[in-house]
Each structure stands twice: as structure tokens, then as C-alpha cells.
Amino acid sequence: MLNDPVAIWPLSLSSVRLKKISPQDCSSSIGIVDCRLDANTHGDGCPTNRKCDMVNLFNLEKKYADDMVAHARTEAPNECCGILAGKDERVIKLYRTTNTEHSPYRYKIDPVQMLAIYEEIQKNKWKLLGVYHSHTHTEAYPSATDIKSIVFPESIYFIVSLSNPDQAIIRGFHITEDNISEVELRIIETQR
Ligand SMILES: [Zn+2]
């Protein structure tokens, strides 16, 4: 059920609902995105042995989840946006970026900031793990505009929904032009 919330704020770790991608979802991604992830990370019964870059479980430290929600609340009613970078599927740095659209309905990451972030990622041999933005009035699910404006199909697109202002929800997706698959988000305690 794609409508299940994944992470609800205020967060109690036990309230995090986990979502597994079905084998069908992961096989339907094959061929659209270059697939290089170890087949073991696909769920049981995944019909492919090909390697795939796409992860279907992502451990997100609570401090980054909190920061995304705080950023969304700061920018509301406009959408916020930002980047998560790191290594080995672990976030090392969150970048808050400017939404040059300054709009409650869409976002565009400031290209000058994006370039600087990209250079830092390259310099540190990190990966661009995720792109996040907020939906201030709608659910945490990719809109038609979001799907059209995908720039990094290998990254996870995180969406923070403030449609219930007291209870933010974060979900993560792999998005390509013709496929959306939800990533299972596991919120973990901040690691030192
Ligand atoms: Zn959106």
C-alpha cells in the first residue's frame, strides 16, 4: 500500500511504519535505471539476479529526518528543498538549498548552490544519495510535476508532507519517467 505513512513527526521510533517494495516493483525498475545493486538487497523472490544501483531500504539518521522536517516548517507555506550526500548509503551531510521558485506548489534547487554541492560531493568522493522537498498541503507522494522534473534518477527523492501541520510525514521514492517505487525508510538513532 503506497499510502502507508513511513515516518511520522513528532517521531517515536516505534511509530515508523516500514514498507517493503514488492518483487514486481523492483523488476519493473530494471531496464529503466542502470541496475548494479547486489541482488541480495532486493526482496526475497526478486526475479532478477542483475545488480542494481537502487536500494529499497534506506537507513536515515533521525537528525537528518528532523532537519528536513524543520526546514519544511521554516519555509512553509512554500516548498523547501535540499540535498543529502554521503557514502555507502549513509548520509554524511544535509544541504538546505534555496527553492528559486519560492512557491507552495513546486521547487527548483538553486543551480549555483547545486554546482557547489556537486563539487563538494566529488571532492569528498561522496554520492548524491537523496534530494528532498516538501509538500505543504498535499501527501508525501510524487506529483506529476515532481516526476517531470527528475534530474537524478539514481537518487532517492524524499518528500516531507506537512498536510497535517502537527504530524509531518517523510517518504522516499525512486522515480523515473514511467516508474515510481517506494523506498523503505528506517529512521535510526543518530550515530556518533
Ligand atoms: Zn513535490
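**Entry 1: terms and model**

I began by noting that helices (H or I, at least four residues) and strands (E, at least two) are DSSP runs, numbered from the N terminus. By that rule Asn-56 lies in the loop between helix 1 (23-29) and strand 2 (57-61).

I then noted that this is a predicted model, in which local features need pLDDT of at least 70, side-chain atom pairs count only at pLDDT 80 or more, and totals for chains, interfaces and linings use all residues. Residues are numbered from 1 along each chain as its sequence is written.

**Entry 2: confidence**

I looked up pLDDT, the predictor's confidence in each residue, from 0 to 100. The mean for the chain is 79, and 71% of its residues reach 70 or more. Over residues 1-5 the pLDDT stays under 50. It also stays under 50 over residues 11-52. For contacts I used this rule: two residues are in contact if their C-beta atoms, placed from the backbone, lie within 7 Å. Beyond four places in sequence, the model has 5 contacts for residues 1-5 and 80 contacts for residues 11-52.

**Entry 3: the whole chain**

I found 4 helices and 8 strands in the chain. Along the sequence they follow the pattern β-α-β-α-β-β-α-β-α-β-β-β. Of the contacts between residues at least 6 apart in sequence, 58% join residues at least 24 apart.

I also looked up burial. A residue is buried if 20 or more other C-beta atoms lie within 10 Å of its own, exposed if 12 or fewer, and partly exposed in between; the C-beta atoms are placed from the backbone. Of the 192 residues of the chain, 34% count as buried.

**Entry 4: Asn-56 again**

Is Asn-56 buried or exposed? I found that it counts as buried because 24 other C-beta atoms lie within 10 Å. I also checked Asn-56 against Glu-182, which is 126 residues away along the chain; their C-alpha atoms are separated by 7.4 Å.

I counted two strands as paired if DSSP finds at least two bridges between them. Strand 3 and strand 5 pair in the antiparallel sense over 6 bridges, and Leu-84 has Gly-130 in strand 5 as its bridge partner. Strand 5 pairs with strand 6 in the parallel sense, over 6 bridges. Here Gly-130 stands opposite Ile-156, and Ser-134 stands opposite Val-160. Strand 6 pairs with strand 7 in the antiparallel sense over 5 bridges, with Ile-159 opposite Arg-171.

**Entry 5: the core**

I looked for a nonpolar core, meaning a set of buried Ala, Val, Leu, Ile, Met, Phe, Trp, Tyr and Cys residues joined through C-beta atoms within 7 Å. Which members of the largest one touch the most other members? Of its 35 residues, these are Met-68, Phe-158, Val-160 and Ile-170. At least two residues of this core come from each of several elements, including helix 2 (62-75), strand 6 (156-161) and strand 7 (169-176).

In helix 2, I found Tyr-64, Ala-65, Met-68, Val-69, His-71, Ala-72 and Glu-75 buried. Seen down the axis, the buried residues fall within an arc of 155 degrees (taken from the directions from the helix axis to the C-beta atoms), so they line one face of the helix.

Pro-77 sits in the loop between helix 2 and strand 3. The peptide bond from Ala-76 to Pro-77 is cis, with omega near 10 degrees.

**Entry 6: positive phi**

I listed Asp-88 and Glu-89, which lie in the loop between strand 3 and strand 4. Phi of Asp-88 is near 50 degrees; Glu-89 has a positive phi of about 60 degrees although it is not a glycine. Asp-88 counts as exposed because it has 8 C-beta neighbours inside 10 Å. Glu-89 has 15 such neighbours, so it counts as partly exposed. Just after helix 3, Lys-125 takes a positive phi of about 55 degrees.
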